[in-house]
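User: Please take me through the strand and helix assignments, and say on what criteria each description rests.

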Amino acid sequence: MKTVRFWEVVADPRLVALGWLIRVHEGRSVNDLLANSSQSPGSDRHPANQLSPQQKAQAKQILYGCLRYYHQLKTIAENLLAKPFKDKDLDLLLVVVTGLYQLKYLSTPDHAAISESVELTRKLKKKWASGVINGVLRRYQREKDEIEDSLSKSLQFQFSHPGWIIKKLRQDWPSRAEDILSQNNQHAPMILRVNTQVISQKDYLSQLTENNYQASPHPVAADAVVLEKASDVFSLPLFQSGGVTVQDAAPQLAVELLQLDENLRALDACAAPGGKTGHIMQRQPNLELTAVELSPRRAQKIQETLERLYPAQSCHLICADVTEVEDWWDGQLYDRILLDVPCSASGVIRRNPDIKIHRKTTDIQPLVEIQSKILDKTWELLKPGGILVYATCSVFKQENDAQIAAFTKRNEVEFVSLPNKIEKKLNNEAEFGYQIFPGEAQMDGFYLCGLKKPG
């Protein structure tokens, strides 16, 4: 596959967006791509940094829009092409996708969307394809209604998800599947967690108002604030001094299930990216906390986050495979364990639309097996009378209800409930624990279940 060499061309928002899309198809995550492009400002190897703020916003809008609607736009493109592009010409298929996105969803003038898409073939050194690109986009412009009507029965066109996700959601949640799919294509709100060791939620909301931010308290999560409009985090009041961090509201509920108290011994078993680790420290500074993370890079990020938010507190951060207990455990049982396991991330597609491209149906069973192994291993580390909270950012029953059902057949457990004032605000349909759906009370899709070891 030909890789676009950005440093050989003049920075252009459409070309930058196209390059990001190509790299997503090569396996890169959007979060990593955007983080890398924001480093080394001015470097000619990061043309995104040569864009004006408005141009960079345009590139991101095209990137996220094309990922959200990729399966729909690809269905249109394949219907319009006389013959498909070869694998080595994926970049040309993505030129068509970006052009269709601008024609269908943006206010870009049609002539500009088409001419700029054609111009991209020159910048890609594939000018031979300019006639194909021009013809496909102009036909869509002329025959949009007829083309879309002919595709109306295609599930991938209707919902813009891979077929296996549509099928799985319909099996798991027949009455909710279409709403989940629709919510996955929406923009997720920016939600903050206020560090209540520094400032109360009420006082932080007042600071936001004073600084011309529009925000409101989250209706479910006690420490959460919802921004009406996404903002650069570094410009937020108290962000750099540790008064606030970015974290969706649903995972903030994990601390409620843990029922924290002073002088407990706690373990965060799969700690990255560290939001819940920090929330435990925030809610109960006087406990002994160990956090385990497999990835050295992600462990370093956790360390940096904790140092910003809780510089006066300590957390024993270990880089290890949590299932290789003999390599890191000191032999003393824990009163509380938080287990946010690796998962399909099917509940956070609206925030990470590249999941639709990266995740495959064959990924799920291996993930379920890893989850089961971690759950069994960490359960052995829990004291009798202790609480383990199992969590995923998934909406698939296989990783959630079914996982817990299988676990209860292997072990005797008692279930722990959220406080009633929180529980009554959730439209919970899980057999065990709590299943939150994307968009519910402005939260991402998330599952959590509190398990108490008898004794």
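Sheet, strand and helix descriptions

Analyst: An open sheet is formed by four strands in the order β2-β3-β1-β4, with antiparallel pairing. Its edge strands, β2 (215-217) and β4 (244-246), each pair on one side only. This is a predicted model, in which local features need pLDDT of at least 70, side-chain atom pairs count only at pLDDT 80 or more, and totals for chains, interfaces and linings use all residues. Residues are numbered from 1 along each chain as its sequence is written, and side-chain values use heavy atoms, without hydrogens and water.

User: Why is strand β9 called largely enclosed?

Analyst: Buried means under 20% relative accessible area (1.4 Å probe, protein chains only). Eight of the eleven residues of β9 (residues 382-392) are buried, so the rest of the structure largely encloses this strand. β9 pairs with strand β8 (residues 334-340) in the parallel sense over six bridges, and with strand β12 (residues 446-452) in the antiparallel sense over six bridges. Valine 389 stands opposite leucine 338 and also opposite glycine 450 in β12.

User: What makes α3 roughly perpendicular to α5?

Analyst: The axes of helix α3 (residues 53-68) and helix α5 (residues 90-105) come within 10 Å and cross at roughly 100 degrees. Angles of 65 to 115 degrees count as roughly perpendicular, so α3 is roughly perpendicular to α5.

Methods: Buried < 20%, exposed > 50% of the residue type's maximum accessible area, 1.4 Å probe, protein only. Helix = DSSP H or I, 4+ residues; strand = E, 2+ residues; numbered from the N terminus. Pairing = 2+ DSSP bridges. Axes fitted to C-alpha atoms, helices over the stretch in contact; angles between N-to-C directions. Parallel < 35°, antiparallel > 145°, perpendicular 65-115°, else oblique.
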